[in-house]
Amino acid sequence: MLVHMPARRVGIIGCGTIGSQLAIAVDTGAVRNASLASLFDVVQNSAQALKQKLRTSPPAFSDFDDFMKTDCDIIVEAASQEAAKKFAAKVLRAGKDVMVMSVGALADKALLAEVLKEAEKSGRRLYVPTGAIAGIDAIRAVRHLLDSVTLTTTKSPKALAGAPFFETSKVKLDEVKERTTIYEGTAADAVRAFPANVNVAAVLSLAGIGVDRTMVRIIADPAFTTNQHEITAKGSFGEFRFTVNNVPSPGNPKTSYLAVLSAIECLRSVCDDGMRIGS
Ligand SMILES: NC(=O)C1=CN([C@@H]2O[C@H](COP(=O)(O)OP(=O)(O)OC[C@H]3O[C@@H](n4cnc5c(N)ncnc54)[C@H](OP(=O)(O)O)[C@@H]3O)[C@@H](O)[C@H]2O)C=CC1
Ligand SMILES: O=C([O-])CC(=O)C(=O)O
């Protein structure tokens with residue numbers, strides 16, 4: 001007799017680029033064994049506009065407490081680091097799994113400890129997709145042998161615009177006419193300075209040697225039309241170099257299309273995984 005896991009009811013926080021594509025993937029059956037339970041966005045229009053595109057027409061909320069009253073098994077945060085900070089532990093406390101895209105929020109060690117404690121207490125899980133990078137499986141496997149890990153992110157000035165970094169930095173993005181290194185520092189500082197650009201640095205840190213030892217370099221390059229992330233990792237295992245040249249997603253130049261696809265693949269494997277490939 002075949003024993004099927006019951007279909008997972010999915011709630012989505014953030015109805016922008018990633019949230020919309022994820023909702024469409026569930027709605028069209030591309031993520032099997034899942035149904036859309038509920039949508040939430042601070043902007044009521046974004047949640048309503050997404051609802052209108054969907055066959056299953058799930059309820060759409062701009063109030064978090066109302067959203068949480070709907071029956072969900074897993075809630076995906078695809079909104080902002082602020083949203084991840086506010087909601088990740090609450091979702092787990094309410095007995096639901098949580099998948100976090102704004103992973104930079106988890107660079108805050110106190111928050112990460114709180115989230116993990118809630119996961120343990122409730123018996124639910126925190127899922128962190130690989131996102132817009134590659135090689136996380138290998139980094140996890142060698143984490144205890146790593147001496148150094150560096151992420152070099154290159155984006156066009158358009159994709160970096162609006163980052164809090166520019167509020168205090170001498171760098172003026174509109175004056176950047178050639179390839180320029182604008183930031184070098186720890187992943188811990190990078191995710192605060194560029195919260196919509198290098199959440200991948202937090203994913204890499206969680207998989208490897210942590211946010212204080214993972215180094216990040218950010219390059220603004222007006223000639224770039226892709227979002228490039230290059231990881232170099234060294235240790236007694238040897239050396240890795242992983243480079244992705246990502247097409248930006250149509251709705252948001254900051255967000256690579258790979259991040260959308262990774263979110264869909266992570267949810268697919270949570271909901272319907274007879275076979276697990278990779279570590
Ligand atoms: N881990 C990874 O590899 C990657 C992570 N990301 C991160 O994933 C998140 C989603 O990305 P993306 O879909 O492109 O972003 P978008 O800006 O396209 O969409 C986010 C949506 O969430 C809304 N929102 C923001 N804050 C809140 C909140 N506190 N509560 C509810 N809704 C909120 C936004 O509203 P408003 O527009 O008004 O702010 C917007 O409608 C971002 O934090 C992004 O930086 C992106 C790419 C890669
Ligand atoms: O999508 C990308 O290229 C990476 C990104 O924005 C992030 O990690 O926040």
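## Contacts of ligand 2

In this predicted model, an oxygen atom of ligand 2 lies 3.4 Å from a polar backbone atom of N197, a polar contact being a pair of N or O atoms within 3.5 Å (within protein, one must be able to donate a hydrogen and the other to accept it, and residues adjacent in sequence count only if both atoms are side-chain atoms). An N or O atom in the side chain of H229 is 2.7 Å from an oxygen atom of ligand 2, and a polar side-chain atom of S256 is 2.5 Å from an oxygen atom of this ligand. Taken alone, ligand 2 exposes 270 Å², of which the protein buries 94%; accessible areas come from the Shrake-Rupley method with a 1.4 Å probe.

## The shell around ligand 2

The residues surrounding ligand 2 include A132, K155, N227 and K254, where a residue counts as near if one of its heavy atoms lies within 4 Å. By class, this shell has 4 nonpolar, 6 polar and 2 charged residues. Helix 10, strand 10 (227-235) and strand 13 each supply at least two residues of it, and strand 13 gives the most, with 3 residues; helices (H or I, at least four residues) and strands (E, at least two) are DSSP runs.

## Contacts and surroundings of ligand 1

Around ligand 1 there are 25 residues, the closest being I18, D41, S80, S102 and T255. A polar backbone atom of T17 is 2.9 Å from an oxygen atom of ligand 1, while polar side-chain atoms lie 2.8 Å from an oxygen atom of the ligand in the case of D41 and 3.0 Å in the case of N252. Ligand 1 exposes 910 Å² when taken alone, and the protein buries 80% of that.

The shell around ligand 1 has 15 nonpolar, 9 polar and 1 charged residues, and helix 1 (17-27), helix 4 (81-93), helix 10 (199-207) and strand 13 (252-256) each supply at least two of its residues. Because domain 1 (8-131 + 258-271) and domain 2 (136-247) both give residues to this shell, ligand 1 lies between them; the domain bounds come from an automatic or database assignment.

## Basis of the model

Residues are numbered from 1 along each chain as its sequence is written, with chains lettered from A and ligands numbered from 1 in the order in which they are written. Local features of this predicted model need pLDDT of at least 70, side-chain atom pairs count only at pLDDT 80 or more, and totals for chains, interfaces and linings use all residues, while side-chain values use heavy atoms, with hydrogens and water left out.

How values were computed. Nonpolar A, V, L, I, M, F, W, Y, C, P; charged D, E, K, R; others polar.
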